[in-house]
Amino acid sequence: MSKTIKPYKDSNATKKDQVANMFDNISGNYDGLNRVITFGIDVKWREKVVSLVKATNPKKILDIATGTGDLAIMQSKAIPTAEVVGLDISAGMLEVGKDKIKNLGLEASIELVLGDSENIPYEDHFFDAITVSYGVRNFENLNKGLQEIYRVLKPGGIFIVLETSVPTKFPFKQGYQFHSKVILPLVGRLFSKDKIAYSYLSESANSFPYGEAFNTILKDNGFNNVEDLPVTFGVSTIYKATK
């Protein structure tokens, strides 16, 4: 990123601490608002991520910035032989995720861990596949986070990122800008108890490098076979890479 975007501009806390606090605040209604804000299309995008991971037949999967566990749950259901770990810095989001996993009877196959993407509590070359869904833009130090991911990924392992991007063609670019700068903050102010959170999510999405720019960052951090796959006219992009 060209500059560090933090949720609470009047706070002296680190971005990492602010992001954890923000997600703790919005954890209770995050899933519902997310479905409304994305019109439910984000589920289809995550299904594409799952299909890419499943094709590699992984035994151990790490889902970073797992939040309430949506992607971890989808991967566990699609690849029942795999051990899935969901990592997140927000205890509040993980508590919601643990309830969902318990209700689905998936406690034996999914473990949710409170942890930091820049200091992943696993040994080198541990996971066959690693995913991040709408989380890399929240890293305090993007390069450090990617280097940690590279460290715990097995040689030949797959790394998949699903992240926001900005459409470049009319009228999708204009529609995206209106949605992210007007609709997203408005919905957050109306329905979330943290009035700042959704403005931060919009601002961080618009400032994050996407497409070839993020491909270059991945390559600079050691990843190979880097490929970007825009979805829904480029409002989000799936990045695929290997170690």
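**The cavity**

A: The largest cavity has a volume of about 370 Å³. The model is predicted, so local features need pLDDT of at least 70 and side-chain atom pairs count only at pLDDT 80 or more, whereas totals for chains, interfaces and linings use all residues. Residues are numbered from 1 along each chain as its sequence is written, and side-chain values use heavy atoms, with hydrogens and water left out.

Q: What is a cavity?
A: Rolling a probe the size of a water molecule over the atoms shows where empty space is left. On a 1 Å grid over the protein atoms alone, a cavity is a set of points where a 1.4 Å probe fits but cannot get out, and lining residues have an atom within 4 Å of a point. Grid points are joined across faces, edges and corners, and the volume is the space filled by probe spheres set on the points. By this rule there is 1 cavity of 30 Å³ or more.

Q: Which residues lie nearest the centre of the largest cavity?
A: Of its 29 lining residues, Ala 65, Thr 66, Gly 67, Asp 88 and Gly 135 lie nearest the centre. The lining divides into 11 nonpolar, 9 polar and 9 charged residues; Asp, Glu, Lys and Arg count as charged, Ala, Val, Leu, Ile, Met, Phe, Trp, Tyr, Cys and Pro as nonpolar, and the others, Gly among them, as polar.

**Aromatic rings**

Q: How is a pair of aromatic rings described?
A: A pair is described by the distance of the centres and the angle of the planes. Rings of Phe, Tyr and Trp (its six-membered ring) pair if their centres lie within 6.5 Å; planes under 30 degrees apart count as stacked, over 60 as edge-to-face and the rest as tilted. The structure holds 9 aromatic pairs. In one of them, the ring centres of Phe 126 and Phe 127 are 4.9 Å apart and the planes stand at 75°, so this pair is edge-to-face. Tyr 122, Phe 126 and Phe 127 form one aromatic cluster.

Q: Is Phe 127 buried or exposed?
A: Buried means under 20% relative accessible area, exposed over 50%, and partly exposed in between (1.4 Å probe, protein chains only). Phe 127, at 1%, is therefore buried, whereas Phe 126, at 23%, is partly exposed.

**Backbone angles**

Q: What is the phi of His 125?
A: Most residues other than glycine have a negative phi. His 125, although not a glycine, has a positive phi of about 55°. His 125 is partly exposed, with a relative accessible area of 43%.

Terms used:
1 Å grid on protein atoms, 1.4 Å probe; cavity = no way out; pocket = protein on both sides within 12 Å on 5 of 7 lines; lining within 4 Å.
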